[in-house]
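Colleague: Please show me the model, and I will ask what stands behind the terms you use.

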Amino acid sequence: MKIKNLKNLEGLKAKGLESLYPKRMKINVGLGTCGIATGAQAVFDSIVEEIEKQGIDAVVGKTGCLGFCQREPLVDVWQPGKSRIIYCQMDPEKARDLVTGLAQGKMRKEWALCRLEEEEFIIENTKKKYSIKEKDGKDIPLYGEIPFYKKQKKIALRNCGFMNPENIEEYIARGGYFTLARVLSSLKEEGVIEEIKNSGLRGRGGAGFPTGLKWKFCRDAPGDTKYIICNADEGDPGAYMDRSILEGDPHSVLEGMVIGAYAIGSHEGYIYVRNEYPLAAQSVERAIRQAEEYGLLGDNILNSGFNFRIRISQGAGAFVCGEETALLASIEGKIGEPRPRPPFPAERGLWDKPTNINNVKTWANVPAIIARGADWYSKMGTPKSKGTMVFSLVGKINNTGLVEVPMGIKLREMIYDIGEGIPQGKKLKAVQTGGPSGGCIPSELADLEVDYEKLTQAGSMMGSGGMVVMDEDTCMVNVAKYFLNFTKDESCGKCTPCREGIKRMLEILDDISKGKAKEADLELLETLAKVVKDASLCALGGTAPNPVLTTLRYFRNEYEAHIKDKKCPAHICPDLIRYSINKEKCTGCGLCLKECPQTAISGEKKKPHSIDKSKCIKCGVCFEVCKFDAVEID
Amino acid sequence: MLNLIIDGKEVSVEKGTTVLHAARKLGIEIPTLCYHEGVSPYGACRVCVVEVVKGMKPGLTASCACLAEQGMEVRTNSPSVVDSRRLIIELILARSPEVKKVRELAQEMGIEKARFRKEDKECILCGLCVRVCQEIIGASVIGFINRGANREVETPFQAQSDVCIGCGACSSVCPTEAIKIKEMFDKRILETWHTELELKSCKICGRYFAPKKELEHLKEKIELPEEIFEICEDCKRKNLTRKIGEIKTGII
Amino acid sequence: MVNKMKRKVDLEKVINKYKGEKGGVISVLQEVNREYGYLPEDALKLVARKLDVPLIQVYSIATFYTAFSLKPRGRHLINVCLGTACFVKGGNRILEKLERELDVKTGETTKDLKFSLETVHCIGCCSLAPVIRIDEDAYGRLKQDKVPEILKKHK
């Protein structure tokens, strides 16, 4: 059924609202990749089973990721007239209990994460208040008050976790595609570009180039055939927000792309999804088919005369294909070798035609910005970094998950307020941002206000939004080694500085971690880093030295300890640590002896054990399994 | 025509000229390794880096692949350029210490030996062989396989090629001795490409003179008299000399 | 062998699907990879012939992208996540433990063709770090001593 006018759209909106807020109980389970990895599918199945078994009048649905991945599986219960409760860390048994309780009008407060009385509809600028007659569950904290969500402002993530991504009517009910309808019927192409320019939106994929300007370059480039691309390669390890958006709210990206295509004058688009995201690719494919059915993609969109179609191109396992020119090569069926720029893709891109490439989050923001206006968006954030940013807060942090906050929030707030601090009471050591292109920001800079400029000044980068928290048990030399190993594996191998330079930097880091390096090696490492950064062909090589450069800048003493004292202060580098058993704490339980792969541990039952250092391979199993903290590392 | 400034001197060039050529016009020679007049520029070795002080993308760039822009300002020997070029050559030297061309470049830059663990690769991955085979010969026998530090130039499956015509163009553009071709009796052996090709014997003197496949390839591409593909160079020359003689003495 | 022939027929269908598409080589290889679990030499040669692209181009692509393997993979594919979050939480140790248990190096397949061990950079389950995936199943919050029992679950 093709949507031809506003009336059609309103009709679907009504249907969507009914689906989102039915007159009977609705239980939603978060079934994004991380939900499934924690067992959410089994939770979903057990709820369906139980409802059938007990003949309860309820419907079960799926949603995308609400962002609080630490507490998955999440189960969200909607009951007309009652507060909406989100339960966390559910399993099939608890789920069955929950269902039974709900049928009897009981809620399980002990499993509740938070409660909702209203929702924000970003596109329409309204608050959807639930009509609640029974004010029970008042002692369950409100969604907007719990530390994880309190400081968040969801714009790119506006629908994730709040709707079924497979249901286009629900997307429309939450304001979806109304913006596109308005754009196609009453906004001029240049006007759309002006709005994006004035909003201050910058590319959310890493480089942070002003989006409106990029669109203008492409629009102004000569030629009738132009391409629009969504970069969903998301290669930064530790970043998975693009995946969540594609799984949880694919239409937001599609709508953004159609708006962009209209503004730029393009009729063909691609979404390049990395190979490791099969669910996300399926989700987008489904959304594209639906959009085509409803006349929101294809020919004569919304009866406007504008044509635009989107195809999916799948990656094949190469981080370098996140670099825009390598991405283009990949779509063209070649190996992911970057090309020199200029010419920039806006002038000569896919098949040598003007092409505009933007990240998933950038596209997802577009409908909201056009709907609410540049003024609204630019009021948030900092002078040069407007709006919000989605971060994946992971690593040694209590609350891991996806967080969307206005630019300018302090690192300290991210870690201690939203993240609720470091587990096991350990001390914060560094925060790594920007993936392999970024750097480590030390705890002394915790008051840094996160935006593009401040992160770059500190030696790091915004990147795709990965934010990995590291505690005192992290060796910064090891971290630098980890990132260089990554970029070495992912280098395409075309240019000398990247291919040979990174390899040699890694050799030095390896020597340092083994206590085999000399003082002069540190100088050589820095020299290499500079040349690799300056002379590489593309941004992979150009940013690969950043983890080394920032760790040298802020943690030089650790490098020197490895070199001069042949010690690893964080007790991580295997060649520089020794495992031993504290005879006073050891109870002789024999667990470590059993697990040791090298039979390096010996001892009689109930008597203190000892480790034969000549056999020990420093695998760390004994340390992991000992229940008495008797295994020590020095 | 557009105007740019290189090392403080102004030069005027046609649109589409690279910075490398613009510099040459001023008499400034920038060293190169992976550049060759006969094939497209690749910008891989980075030996020819220059510093764009003013232009669309400031910073270091490969001059062989960088197009001159109106109002551009370039330095071919700033400290940044010299430092980078020196280290790049040092890195290549560490990879290929026995290659003559690399040693020459290193000597020019004042590098005695590389500060890295030595390897012994003859191929410097300039890609000239790949490009000449693809762009000029049109056979596409070889290409880059694997990636990163494992990158190599090879034939498919590192085995005998079905499409190689044995012309040796790869060997002639190669700046090192990495491509080994030899002849043994009635075969041309391209060792590096694991490929053996049958040679054609001259109709007149019986000497083996060119791979059969090469001759077939040429036959398809150019219209020439049959005898070009049937007789060797020496006999062709003798034939031609005889024909000229016949013309002169009026037989023809 | 009937099986082999049937697959060859399917292969031609797959290639024809992408024949007109610009840049279709990678898409074809992905389907071949899905069908066979790896890229057999004959399949690559057929793709090159049918799509009229030089064989070296196809081979170059097959060796560049890590999604492709030129050697048969094991019945079960183990992917150890070494994304930053998993690394920080000891993902390397889990990888080393698996190398010891299976007696293979990363990127290799066990002699009995049961398991292939590879690494992946971020499957997006960072709150469960360290994570490994065996086929479609993800195992999170792993400790080294849990590895043997997990391996036993996959015959």
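Modeller: In this model, 38 residues of chain C are in contact with 44 residues of chain A. The model is predicted: local features need pLDDT of at least 70, side-chain atom pairs count only at pLDDT 80 or more, and totals for chains, interfaces and linings use all residues. Residues are numbered from 1 along each chain as its sequence is written, and chains are lettered from A and ligands numbered from 1 in the order in which they are written.

Colleague: What makes two residues count as in contact?

Modeller: Their C-beta atoms, placed from the backbone, lie within 7 Å. On the chain C side facing chain A, the elements giving two or more residues are helices H2 (25–36), H4 (55–64), H5 (84–88) and H6 (91–102) of chain C. Helices are DSSP runs of H or I, at least four residues, and strands are runs of E, at least two, numbered from the N terminus.

Colleague: Which residues of chain C touch chain B, by number and by element?

Modeller: Nine residues of chain C are in contact with 11 residues of chain B. H4(C) gives the most to that side, with seven residues.

Colleague: Why does the radius of gyration of chain A agree with that of a compact globule?

Modeller: The rule is 2.2 Å times the number of residues to the power 0.38, with the radius taken over C-alpha atoms. For 634 residues a compact globule would have a value near 26 Å, and chain A has 26 Å, so the two agree.

Colleague: How many helices and strands does chain A have?

Modeller: Chain A has 25 helices and 22 strands.
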